[in-house]
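Hello,

Here is the structure I promised to pass on. Please open it first, then read my notes below.

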Amino acid sequence: MMKYRYALVLLLGLTACTNPAKEAPAGTYYDLKTYIEKQISELQKQKPTVVKRAGFGEEEEQQTTKDIDWSRELDLFLQADINKQAYQTSYQKSRPDSLTYEYTLKSTERLPVQFLRIELDSVTHQPRRIKATLRTKNSLYESERNVWLETEKGRIKQYHIDGFQQLAWLDAKPFSVEGNIK
């Protein structure tokens, strides 16, 4: 009887250590996370000038800066990564052409990333345009974020985030962020 308890404890310990959100096997979905992390690293090193416009509700401001926390700035693109083992069967895959990947959340699933489209450059086969829609909804809060970015010569040139946030008892507040990298 004691042997079975030890075996059960060992089995539970081993299964508790597995990470259900680890990356999916190669080829399941496009590896967006690695691509965005590489872009963040390059932008942090280069510190390019960015013309950034941000708005929340009725307020909007514009600034030109080199002082940007790229991990924070591009975080929603990392959140749009669906290359997780737990998501393997959650998305309908489509290839409109040989350079485009499209993933649409199945209607039976409840995950934040609703849609992801990655268009590759015909020469470099690196993303030239990425678009995603992320939604969160519960009894207290709802938000939608539409994100896209465009690259030129393998480097992000422009990114855009817009959407809304709404608390259950308040009106929706639209927001937008747009950056043009020089």
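Helices (H or I, at least four residues) and strands (E, at least two) are DSSP runs, numbered from the N terminus. The model is predicted: local features need pLDDT of at least 70, side-chain atom pairs count only at pLDDT 80 or more, and totals for chains, interfaces and linings use all residues. Residues are numbered from 1 along each chain as its sequence is written, and side-chain values use heavy atoms, with hydrogens and water left out.

Start at Ser90. It sits in the loop between helix H4 (75-79) and strand S3 (91-94). Ser90 is buried, at 3% relative accessibility (buried is under 20% relative accessible area, exposed over 50%, partly exposed in between, with a 1.4 Å probe and protein chains only). Its side chain makes a polar contact of 3.4 Å with that of Glu109. Such a contact is a pair of N or O atoms within 3.5 Å; within protein, one must be able to donate a hydrogen and the other to accept it, and residues adjacent in sequence count only if both atoms are side-chain atoms. Beyond neighbours within four places in sequence, Ser90 also contacts residues including Tyr29, Thr104 and Leu111 (contact means heavy atoms within 4.5 Å).

The structure holds six aromatic pairs. Rings of Phe, Tyr and Trp (its six-membered ring) pair if their centres lie within 6.5 Å; planes under 30 degrees apart are stacked, over 60 edge-to-face, the rest tilted. Tyr29 and Tyr103 pair edge-to-face, 5.1 Å centre to centre with 85° between the planes. Tyr29 is in the loop between helix H1 (2-16) and helix H2 (32-46), while Tyr103 is in strand S4 (residues 100-105), 74 residues apart. Both Tyr29 and Tyr103 are buried.

Trp70 and Tyr159 have ring centres 6.0 Å apart and planes at 75°, so this pair is edge-to-face too. Trp70 is in helix H3 (residues 70-73) and Tyr159 in strand S8 (residues 155-167), so the pair ties together parts 89 residues apart in sequence. Trp70 and Tyr159 are buried.

One aromatic cluster takes in Tyr29, Tyr30, Tyr87, Tyr91, Tyr101 and Tyr103. Lys93 lies over the face of Tyr29, 5.3 Å from the ring centre. Arg95 lies over the face of Tyr101, at 3.8 Å. The test is NZ of Lys or CZ of Arg within 6 Å of the ring centre and within 35 degrees of the ring normal.

Last, H2. Its buried residues are Leu32, Tyr35, Ile36, Gln39, Ile40 and Leu43. The face turned away from that buried side carries exposed Lys38 and Lys45.

Best wishes
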